[in-house]
Number of protein chains: 2
Amino acid sequence: MSQQRHGSTPGEAGDVPAFPDLPEATIARLPEYLRALHHLAEAGAETVSSEGLAAAAGVNSAKLRKDLSHLGSYGTRGVGYDVALLVDQIEYILGLDKNRAVCVVGVGNLGHALAGYAGFASRGFRVVALFDADHGKVGEVINGMAVRHIDDLEAVAEQESIAIGVIATPPTAAQAVADLLVAVGVTSILNFAPCVLSVPPNVDVRKVDLAIELQILSFHEHRKASLTALPGGVGGSAGDQEAVGS
Amino acid sequence: MSQQRHGSTPGEAGDVPAFPDLPEATIARLPEYLRALHHLAEAGAETVSSEGLAAAAGVNSAKLRKDLSHLGSYGTRGVGYDVALLVDQIEYILGLDKNRAVCVVGVGNLGHALAGYAGFASRGFRVVALFDADHGKVGEVINGMAVRHIDDLEAVAEQESIAIGVIATPPTAAQAVADLLVAVGVTSILNFAPCVLSVPPNVDVRKVDLAIELQILSFHEHRKASLTALPGGVGGSAGDQEAVGS
């Protein structure tokens, strides 16, 4: 975290419910608010209006106020939100005070990019291990870490308390890697392989499929082209513009 | 596309409305259905039940039927959906018949991974150009393409009819690159830099922020830990399990 803490422990940070039942869309926006709040804090801001924070995070302010109300944060009329307090609340809810250990499985181009991604360390994560099934890649040093063989996963997972496994293998290997991660007790997986993984119900999977992102953009290109082709010019939008950018 | 077409032009493919007004969540699931349909077609399937397709795409079948009803696709009772017809309909809606040209700006590790990503070509896209602002990287050949200087963007964008720009630069450079892309007429941007971009209303931006994906998983780790810490064990879920994996 690039923001200094203010001595308060997260448990004391306002009236946060024991554990709020948040809509999935709200959960996905909390990291955006957090990033904007860190920038505000670095710039010296102590408070921020809902409009100011909404603009910095790229959402509308009514949505932001509703999201933050789920955390028990309502701001102060005429003053806005306390930046440091809100940072503590969001980091607590997201569990970022834990500095969770991450491993990357598959060190092709994407695995290299992930291993060297500077943004992880400053945002609550430590990449602690890199794995590959290819003996030719084992021992290669990436960003100061030597690639290990996937057979070492069990020992390393226990030793490093790996919380999140990132799968950056070809799709044909992804399910087997997911099974291995689950077997050693990893309950959160970020999957970059373009395939659907089967996991037990207690395991959370998030998926990033780069081609799917392009296909969604392609839909909007197609929609824009067909709208401008209509006699009346640009018509109704096919969705919430904000959702497109989020 | 790895699937052969059946002679019908997309405009004839069933009763697709001129351009359906689709919910954003439906748009995001269409590429998942398409990927599952391509696998089914490769395996020789000519029809598929809603349950079978839903399982292959990792969603529930009621949601799938509702999504496809937006396209005017209801399947045939006792038979299911015609695989080839549904592929045509979804590819038409997503505008994938256009084989859109994509450029990648920023050829660090992530840009390298994107330039070499085999999944693009088979799914409706051509990476036609790579750009960087660093003269030291200009001329480097990645996946058979020479990196060009960002100053060449305007000429190349016109020549190659670039439809989608992918930003893989550091966050400090991302807004300037977005401005350049917009200035040369690109109206769809996929942004990997962890920052919010300002673009005109006719430009669609999708964002992939790797740390945000980890932070959302961290929330679920935190939630699971707090639920198992309660006297009653696992309690209510904080959201739709399916949404987590999508």
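Helices here are DSSP runs of H or I with at least four residues, strands are E runs of at least two, and both are numbered from the N terminus. Some notes on the model follow.

1. Ground rules. This is a predicted model, with local features needing pLDDT of at least 70 and side-chain atom pairs counting only at pLDDT 80 or more, while totals for chains, interfaces and linings use all residues. Residues are numbered from 1 along each chain as its sequence is written, chains are lettered from A and ligands numbered from 1 in the order written, and side-chain values use heavy atoms, leaving out hydrogens and water.

2. The annotated stretch. UniProt, in an unreviewed entry, puts a "DNA-binding region" at residues 32-71 of chain A; bear in mind that such annotations may be inferred rather than shown by experiment. In the model, residues 32-71 of chain A are 70% helix and 5% strand, with the end C-alpha atoms 15 Å apart.

3. α2 against α3 in chain A. Helix α2 (residues 50-57) of chain A packs on helix α3 (residues 61-69) of chain A at about 105 degrees, axes 8 Å apart (axes are lines fitted to C-alpha atoms over the stretch in contact, and angles run from 0 to 180 degrees between N-to-C directions). That makes the two helices, α2(A) and α3(A), roughly perpendicular, a label for 65 to 115 degrees. On the α2(A) side the contact (heavy atoms within 4.5 Å) uses Ser50(A), Glu51(A), Leu53(A) and Ala54(A), and α3(A) brings Ser61(A), Leu64(A), Arg65(A) and Leu68(A). By class there are 4 nonpolar, 2 polar and 2 charged residues.

4. α1 against α2 in chain B. Here helix α1 (residues 24-42) of chain B meets helix α2 (residues 50-57) of chain B at about 110 degrees, with axes 9 Å apart. So α1(B) is roughly perpendicular to α2(B). Glu32(B), Tyr33(B), Ala36(B), Leu37(B) and Leu40(B) of α1(B) touch Leu53(B), Ala56(B) and Ala57(B) of α2(B). The class count is 7 nonpolar, no polar and 1 charged.

5. How the copies relate. The same surface serves both copies, as 100% of the contact residues of chain B recur in chain A.

6. A bridge between chains. Lys224(A) and Asp204(B) form a salt bridge at 2.8 Å, N to O (the rule: a Lys or Arg side-chain nitrogen within 4 Å of an Asp or Glu carboxyl oxygen). Lys224(A) sits in helix α8 (residues 210-229) of chain A and Asp204(B) in strand β9 (residues 204-207) of chain B, so the pair joins two chains. Over all chains the count is 23 salt bridges.

Technical notes. Parallel < 35°, antiparallel > 145°, perpendicular 65-115°, else oblique. Nonpolar A, V, L, I, M, F, W, Y, C, P; charged D, E, K, R; others polar.
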